[in-house]
Amino acid sequence: MVSDPYSVLGISSNATNDEVKRAYRDLSRKYHPDSYSNNPLAGLAEEKFKEVQEAYDQIMKERESGYSSGGYTAGGYQSSQDDSNEMKSVTNYINSGYYQDALNMLSRMQNRTAKWYYYSAVANSGIGNNVQAMNQAQQACSMEPNNQEYRNLVNQLQWSGQRYQSNSYGNGRSAGGCTTGNCCCDLWCADSLCECMGGDLCSCM
């Protein structure tokens with residue numbers, strides 16, 4: 001545990017959640033290991049990077065209300081004491097909207113638990129990989145079918161997909177593609193086709 005997590009992030013204890021998030025993001029970018037490859041200061045940067053992760057995690061745990069992240073839970077994503085340092089970093093990345101960084105971290109982890117699939121689903125959804133997100137959310141549910149949090153994510157992803165399809169059809173893009181989106185134009189086309197076949201759909205046309 002960090003004795004003074006706020007000083008690690010260089011902010012006041014009265015800082016808002018947005019200010020905490022901004023400080024964490026800036027310092028994570030500054031000390032990210034990828035920025036110190038083949039650098040003699042790589043070891044120090046990695047230690048500082050881990051300290052920043054721990055400080056941020058500690059602050060957000062102390063703030064019970066937290067903030068919304070990705071629209072899935074009211075209090076953001078919280079890591080548990082049993083989580084590895086890597087999983088805690090994934091949690092922090094997701095809470096800060098760094099979904100690709102979260103996926104990069106997840107890809108290096110060997111232990112693919114239900115929580116791994118859950119967080120991978122959240123991160124994939126964050127960058128727009130909705131099919132992959134759904135597959136992994138369902139995998140998390142199949143591994144822990146009684147986990148309400150995992151089921152909620154599947155339901156929300158399904159709802160989002162149905163809403164997208166509904167909006168697409170509502171804008172005239174039907175599954176068959178046999179509509180112009182203009183009711184009068186569609187009716188005229190249908191009447192013309194009927195007349196070609198010897199019939200008459202609308203006698204007024």
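**Helix packing and the core**

Guide: Helices α4 and α5 are roughly antiparallel to each other, a label for angles over 145 degrees. This is a predicted model, where local features need pLDDT of at least 70, side-chain atom pairs count only at pLDDT 80 or more, and totals for chains, interfaces and linings use all residues. Residues are numbered from 1 along each chain as its sequence is written, and side-chain values use heavy atoms, leaving out hydrogens and water.

Visitor: At what angle do α4 and α5 pack, and how many Å apart are their axes?

Guide: Two packed helices are described by the angle between their axes and the distance between the axes. Here α4 (residues 85-95) and α5 (residues 99-107) pack at about 165 degrees, with axes 8 Å apart. Axes are lines fitted to C-alpha atoms over the stretch in contact, and angles run from 0 to 180 degrees between N-to-C directions.

Visitor: Is the crossing of α4 and α5 left-handed or right-handed?

Guide: Left-handed. That is, the near helix is turned anticlockwise from the far one by less than a right angle.

Visitor: Which residues make the contact?

Guide: From α4 come E86, S89, V90, Y93 and I94; from α5 come Y99, D101, A102, M105 and L106. Contact means heavy atoms within 4.5 Å. By class, seven residues are nonpolar, one is polar and two are charged. Ala, Val, Leu, Ile, Met, Phe, Trp, Tyr, Cys and Pro count as nonpolar, Asp, Glu, Lys and Arg as charged, and the others as polar.

Visitor: How do α5 and α6 pack, and at what angle?

Guide: They pack at about 145 degrees, with axes 8 Å apart. Their crossing is left-handed. Y99, A102, L103 and L106 of α5 take part, with α6 residues including W116 and Y119.

Visitor: Which residues have the most contacts inside the largest nonpolar core?

Guide: In soluble globular proteins, nonpolar side chains tend to be buried together. The largest nonpolar core here has 47 residues, and L9, V20 and V90 have the most contacts inside it. Such a core is a set of buried Ala, Val, Leu, Ile, Met, Phe, Trp, Tyr and Cys residues joined through side-chain atoms within 4.5 Å. Buried means under 20% relative accessible area, with a 1.4 Å probe and protein chains only.

Visitor: Which helix gives the most to this core?

Guide: α6, with eight residues.

Visitor: How many helices and strands does the chain have?

Guide: Nine helices and zero strands. Helices are DSSP runs (H or I, at least four residues), as are strands (E, at least two), numbered from the N terminus.

Definitions and conventions: Angles under 35 degrees count as roughly parallel, over 145 as roughly antiparallel, 65 to 115 as roughly perpendicular and the rest as oblique. Buried means under 20% relative accessible area, exposed over 50%, partly exposed in between (1.4 Å probe, protein chains only).
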